[in-house]
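Please read this note with the sequence and the model open beside you. The points can be checked one at a time.

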Amino acid sequence: MALSPAPASSAASGPASGVGISSAGTARPGDLPAVHDAIICVALPALAVCAEHGQLTGHGLEGVYLAGRRLLSRCVLRIAGREPVPLRGRRAAADRAVFTGVLRTAADAGPDPGLTVERTRGADGTERIVLRSSAARPLRLPVEIALATDLADLGAVAAGLPGPELAPSVHGTGLRWTTADGRYAAVTADPPPMDALAAAGLLRWEIELEPGDARGIELRVRGGDRTSRVPGAGRSGAGRPGGQVLAEARAEGDDPRLGDLLRVALGDLRALLQRDAASSDVHLAAGVPWRCGPVTAEALWAARMALPLGTRLAATTLRVLARTQLDGPGPESGRIPGPLRDAGPHLPPRCTGVEATLAFPAVLAEARRWGLPEQDLEELLPAAERCLRWLRAAADPSGFVPDPGPAGPWRAETQAHAHRAAVLGADLLDACGRPGGEQLRDWARVQRARFREEFWLDDPSGGRPVAARAPGGRSWPVLGGWAAHLLDTGLLGGGRYAPGLLDKAATEQLARLLGTPLLDSGWGLRSLGGKEPGHNPFGHRSGAVRVHETAVAVAGLATAGYEKEAASLLRGLVDAAEAFGYRLPEMYAGEQRTAGAVPVPHPAACRPAAVAAAAGVHLLTVLAGIRPDVPGGTIALQPVRSAPLGAVRLSGLRVAGGPFAVRVSRLGLGMVEEAPEGLQLGV
């Protein structure tokens, strides 16, 4: 699916046009169709979007899509001239949903319906419709399915400009639609319909049911163009990444929700996998339905959080990004390109390419700790070196990295990414016998001292970090979820975490601030504090809870020893996951939690989203305190000592390519149950 990047002024999850549908049905800049209550089945490049009733009506985003093209916009079932009464719609898996309805028939004497209708729809549009009779006498039911499509691009559908429905023709056992430029969609039915009416877009059957009998109809959707078939069209799983990209991990323990959280997260991560257009490498789409295009910084962060499931996803994501790296002479050499994204009400747009460039060497260094194969390391090391050279060249005379360009500003979050890249990059260069490590460590040492001078605002309450500074001296002293990245320092050898930009006193103060109700909403970390100017509980950078930032905060706080604050955010996120059926959206409203309440969804948030799904894996890894050092032959366990969710057992993880299992008791004591041969338990 190839939606191009959103403009800087649009929502982070929006399509390229930045145009959606207003409540009156007219296009308005910045709007997106609401998808918070949609049931979305995903197995990229295919996805299906519908409401809980299960009918595809063509309204909003409803439809079956393949590679960003709507193959089917309408699929309305009627039995004896009536639509079934919808009772329940639910996701059965990441790529499949089940809808249950009933219908009273002429054989039903009272209010009890005698016909049950169950529809099972896959992400690729394959649908199984089962009619089951509980009537007292035989039934003869006319069944019809109305079908239509516009073959519109997802971006056009989102903008409210899908175009007219196409005229179908009868084709085989179903209908077919074709555009002037050769694009087509086709629906076939089994058993074949008794009638296929092209003018009305109808397929019709006469279904006979004895008492207790069930009969089924199966629909299959295909699409493509005149020269080629789109991989995977109409066949569930075809065109999907092969092999085991992510391990079959399991979680169990005192809190049964952890098992559900990991199960759904794994399903969503697999559903979001897509192949790079220029190679066989796979990476995660940032999120559905808006961000299924080229690889992004979010895909790299998600691959990092998914390292406990194996290093293959990190390696392939890094390879895809390395191929986009700018080369040649000049200050941009080594940078990974990326679009600008909105940074909230106070700051100019940020560059996701800068973020990806700084993440690259850190993710490669941590993947090495988890057991990245030597061949992958050797292949990716030159790209990491180019990223690190860009870092040194991009830093201005002050020692800070401006974002998005030389004019700044200096963002605290960007400095945290740069410092992590330098420290972990230096460790990586040393380990691989490459020069430059000592210079990077010296630069990071100076940056730590300068950061304290420039980015810490002292006040009687203990002070706070500022979000950004301009080279001219202006500062933005607004506090939000971005500050969690200051605690994300990165994993070194021997189970040690790298030094960060904050000293012990500043870390303690930041932990206290992150634990206050101004930032901890009870459901997770607000992206902007509740009392800050411009706060909006639905603003993705101005007050909404961003799952990625909350997971980063939990990990950073736990690593630094602030378990009370970490546990509060952890419980809030797990409670929110339960409310969302364990498929966490990328963000949701930062409303303050109250007794008996549930988190409020964001109407345009991606769900599933790569970083939100990977956050479930990350949180469990933090609980168990898994710190591998495969090159050093050790693996350390530093569980959260307070065991905030009770005992937990993780199995099916991967370290050094082999199975790994760990158990943490209610007392916060960790024990390795399974590990690859040759790894010693470190301290």
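The numbered points below take up the basis of the model, its cysteines, its cavities, a sheet and a histidine.

1. The model is predicted, and in it local features need pLDDT of at least 70, side-chain atom pairs count only at pLDDT 80 or more, and totals for chains, interfaces and linings use all residues. Residues are numbered from 1 along each chain as its sequence is written, while side-chain values use heavy atoms, with hydrogens and water left out.

2. With a disulfide taken as a pair of cysteine sulfur atoms within 2.5 Å, the count is zero. Cysteine 75 is in no disulfide, and the nearest cysteine sulfur, which belongs to cysteine 50, is 9.9 Å away. For cysteine 351, the closest cysteine sulfur is that of cysteine 387 at 13 Å, which is too far for a bond. Are cysteine 75 and cysteine 351 buried or exposed? Buried stands for under 20% relative accessible area, exposed for over 50% and partly exposed for the range in between, with a 1.4 Å probe and protein chains only. Cysteine 75 is buried because its relative accessibility is 1%, and cysteine 351, at 6%, is buried as well.

3. Rolling a probe the size of a water molecule over the atoms shows where empty space is left. A cavity is here a set of points, on a 1 Å grid over the protein atoms alone, where a 1.4 Å probe fits but cannot get out, and its lining residues have an atom within 4 Å of a point. Grid points are joined across faces, edges and corners, and a volume is the space filled by probe spheres set on the points. The search of the whole structure finds six cavities of 30 Å³ or more.

4. The largest cavity holds about 310 Å³ of space. Its lining has 24 residues, and those nearest its centre are Ala343, Leu347, Glu413, Trp482 and Arg541. Two or more lining residues come from each of strand E24 (350-351), helix H5 (352-369) and helix H7 (412-431), where helices (H or I, at least four residues) and strands (E, at least two) are DSSP runs numbered from the N terminus. The largest share, four residues, is given by H7.

5. The second largest cavity holds about 250 Å³. Of the 19 residues that line the second largest cavity, Glu298, Arg541, Arg546, His548 and Val611 lie nearest its centre. Helix H3 (297-305) and helix H10 (547-560) each supply at least two residues of this lining, and H10 gives the most, with three.

6. Strands of a sheet pair through backbone hydrogen bonds, either parallel or antiparallel. Three strands form an open sheet in the order E25-E28-E29, with antiparallel pairing, two strands being paired if DSSP finds at least two bridges between them. Strand E25 (410-411) and strand E29 (475-476) are the edge strands, each pairing on one side only. E25 pairs with strand E28 (residues 468-469) over two bridges, and tryptophan 410 stands opposite arginine 469 in E28.

7. Where is histidine 535 placed? Histidine 535 lies in the loop between helix H9 (504-514) and strand E30 (545-546), and with a relative accessible area of 25% it is partly exposed. Beyond its neighbours within four places in sequence, histidine 535 is in contact (heavy atoms within 4.5 Å) with Arg526, Leu528, Gly529, Gly530, Ser542 and Gly543.

Notes:
1 Å grid on protein atoms, 1.4 Å probe; cavity = no way out; pocket = protein on both sides within 12 Å on 5 of 7 lines; lining within 4 Å.
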